[in-house]
Amino acid sequence: MGGGIGPGRQNPGRRRGGRSRAGPSQGSDTVKEPRTMKQALEPTADAAWVLNDDGCDPLRESDRETRFTVSNGFLGARASHAVNRSFRRLVSPNSYVAGLFDTPDTDRPVPERAFAPDWLDVRIGLAGGPLVHHFGQGPSHPLTLDMRRGLALAECRLVEGTAVSVRLGLLRFVSLSRRSLGLQLLHLEVDQGATDITLEASFEGGDHDLISERLETEFGLWRTHHSGKRLAMAAAVALRIDGQDLPPTALAPLKWSWTWRARPGQVVCLERIVTVARSDGPDQDPGAIVRKELSDARRSGWRSVMEQHETAWANRWSCSDVEVEGDAAAQKAIRFAVYHLNSAANPDDPRVSIGARGLTGADYRGHVFWDTEIFLLPFYILTWPEAARSLLMYRFHTLDGARAKAAERGWRGAFYAWESTDTGLEATPEQAVGPDRQIIDILTGAQEQHISADVAYAVWQYWQATGDDEFLVAAGAEILLETGRFWASRAQPEADGLHHIRGVIGPDEYHEAIDDNAFTNVMARWNIRRALEVAAMLGERWPAEWTILCRRLDLDEADLGHWTGVAETMATGLDPDTGLFEQFTGYFDLEDVDLSAYAGRSVPMDVVLGRERTQRSQVIKQADVVALLALLPEEFAGETGATNFRYYEPRCGHGSSLSTAMHGLVAARLGDVEMALDYFHRTAAIDLADTKVAIGGGIHIAAQGGLWLMTVFGFAGLSLRSDGIGLAPHLPASWLSLGFGLQWRGRSLAVRIDQTNQKLDVSLESGQPMIITIYGQPHSLSLDQALVTDIKRPRQSDDRSR
């Protein structure tokens, strides 16, 4: 492979409003020397941009493989031992390709993501066998996640007794600028020993989930067993010793081997570029794509591939970085979250979405849940609208599957799959093994119906924040109308004059087959009202398109009139005397369990109490009415938001990784910032702390989105309005300042909240003047006039809601 010219060390610039840009410095005429491989393996010097692990705990190996994953929304590569990996590994394979789904041939088939061949395997050995890792004093296999550059680094030492010792440095990334590309670099220095060494680079695991169609020296083509998808991979591998190319001594399909005489002081460099393509139908040729991509990458060389990748990451960070001053742990946590959020999306493929574990692990079979629309979309909408649009187009392309699911159950409109893959058909397993090792039925696929309103919520939020009328007319309106139609057919009138939705599961999944879940019903009513609003808007602004859409959907004024009546008479469970929403009919009559008596438990409450008692109690798995308060605060008049939070917060057992972020967001909005900060750090610990939570199955990507939500919608008090955005900051006492950027209807804004001086600074960096509302008061914002105003001090926590 040819050598390219790589970028030098990057220094952050400054944005107006005090935010840093993570991109390379501009305006220098200095000619840069080609970057050596050893220089490329040096991480960013600023500790706030790197995550380190010394690798001393073999029991946590699968957790750190997850934590240090590199991904670009199309390819994912876990941070497994790339060198001399054991063949008896118990953890899941290491390479994932978005959208590569297949359905196993079983009695109860459940679609799942197929594993791709692992393109990172390297074996180094002597004539008598492999060199082994040295587990002496100090770190055994330290890993570094360079979040700023979007790559993972590793070190290790291989020995053979006292005769041979080599030091290894490794680098891997999957390109953010050209998503089909992955790069692996290995820098080997011989400390001692003069002997023959063999190095083998290969692809592993290709036949586990795929059928091989063609294997060549630098090329492989596979297909899935049942779904008709194909996967192509091509690779170029080169080995240099002291700067000189060494031809392979043995070649086989996707396997290269070199043998040479090692000596002390010798430097060996391995370069591997891989290209990957997926096809979803017989008319597509992924082989031609990867061959061309490989040819282009080979011509430019690894330095150019890395430079383009780092530039793409610099651009992402300039739009999405969050700066926290005064709380180093919070800064590391939010940057880790933004790293994984930026790694999870692919704006170039509207046929895929983000699974519950992204491309970092195998849990949930790669399935897509409501996590994406509720916990992730706000980040993309406000920092990466192109990615947000693509994720919503996935829901548009799976609309037929949602229609089919509704029709199967006798309803109209679109009932989205609770667990979704590439087709939009329901992919939730029918049964699973419970905590008590008993087989239990999984009812979420049939009963957790709020998913349709969740999708509609994200569609509306995207359009509100971007003003993307083209998307609304071409796709968004149809989603809103078909989900609104679903709820209008799902809610049934009864003798009390109200419409009821019976037999559902709310976000609190401890209680099944319940009636009139407040979250479900209020979100359904909201959904219907937005469908009616978009119908009126299309009729007024785009009458020709509205006529065509009505004809295609068989929609008329009688339908819209019926929807209006359903929305006006929806049962909500709101008690006007107390201001409390009853979570579902009969909830207030259940056993009230004091969760403080179970503080320090290491298992969820349904395990502690047993499944049946939990269902008879008020114990909540995760935010339910609190989630409604987070999404639709306007439904809670006056002090009723605080009233509901104080009632439900102490009854939540947080049996889901989604829960603490919702509670933290609401606590911050209500001004209880120290409670919110506690929830922030509890959410961060899910994936960053080596606690009872095992993350070998993948990053909890919704929790990462929740950290951003708590920071921006909670502590900064962001709200989306029809006339602009609102801010009502309340920072924790330990946060001296908070800075972040936003995209709003073609504008770029920089926000900095300075708690030390009690000032809020908002700058418009590009775009037309706009209105920004601070603590309910409107202010004008333009390019030539930044907004600087005072902020209010948060109230101190009085623990009333504990």
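Cys-269 is buried in this predicted model, with a relative accessible area of 16%. The closest cysteine sulfur to that of Cys-269 belongs to Cys-156 and lies 15 Å away, which is too far for a bond. A disulfide would require the two sulfur atoms to be within 2.5 Å, and by this rule the count comes to zero disulfides. Another cysteine, Cys-319, counts as partly exposed, at 23% relative accessibility.

The description now turns to a sheet. Strands of a sheet pair through backbone hydrogen bonds, in either a parallel or an antiparallel manner. Here, an open sheet is formed by five strands in the order E9-E8-E15-E21-E20, with antiparallel pairing. Its edges are strand E9 (129-130) and strand E20 (250-252), each of which pairs on one side only. Within the sheet, strand E15 (residues 195-204) is joined to strand E21 (residues 255-262) by eight bridges in the antiparallel sense. Thr-198 has Thr-259 of E21 as its bridge partner.

Backbone geometry is a further topic. Most residues other than glycine have a negative phi. Asp-554, although not a glycine, has a positive phi of about 55°, and Gln-758, likewise not a glycine, has a positive phi of about 55°. Asp-554 is found in the loop between helix H13 (543-553) and helix H14 (557-568), while Gln-758 is found in the loop between strand E33 (747-754) and strand E34 (759-766). The table gives the accessibility of these two residues.

| Residue | Relative accessible area | Class |
|---|---|---|
| Asp-554 | 56% | Asp-554 is exposed |
| Gln-758 | 13% | Gln-758 is buried |

Notes: Residues numbered from 1 in each chain as written. Predicted model: local features only at pLDDT ≥ 70, side-chain atom pairs only at ≥ 80, totals over all residues. Heavy atoms only, no water. Buried < 20%, exposed > 50% of the residue type's maximum accessible area, 1.4 Å probe, protein only. Pairing = 2+ DSSP bridges. Helix = DSSP H or I, 4+ residues; strand = E, 2+ residues; numbered from the N terminus.
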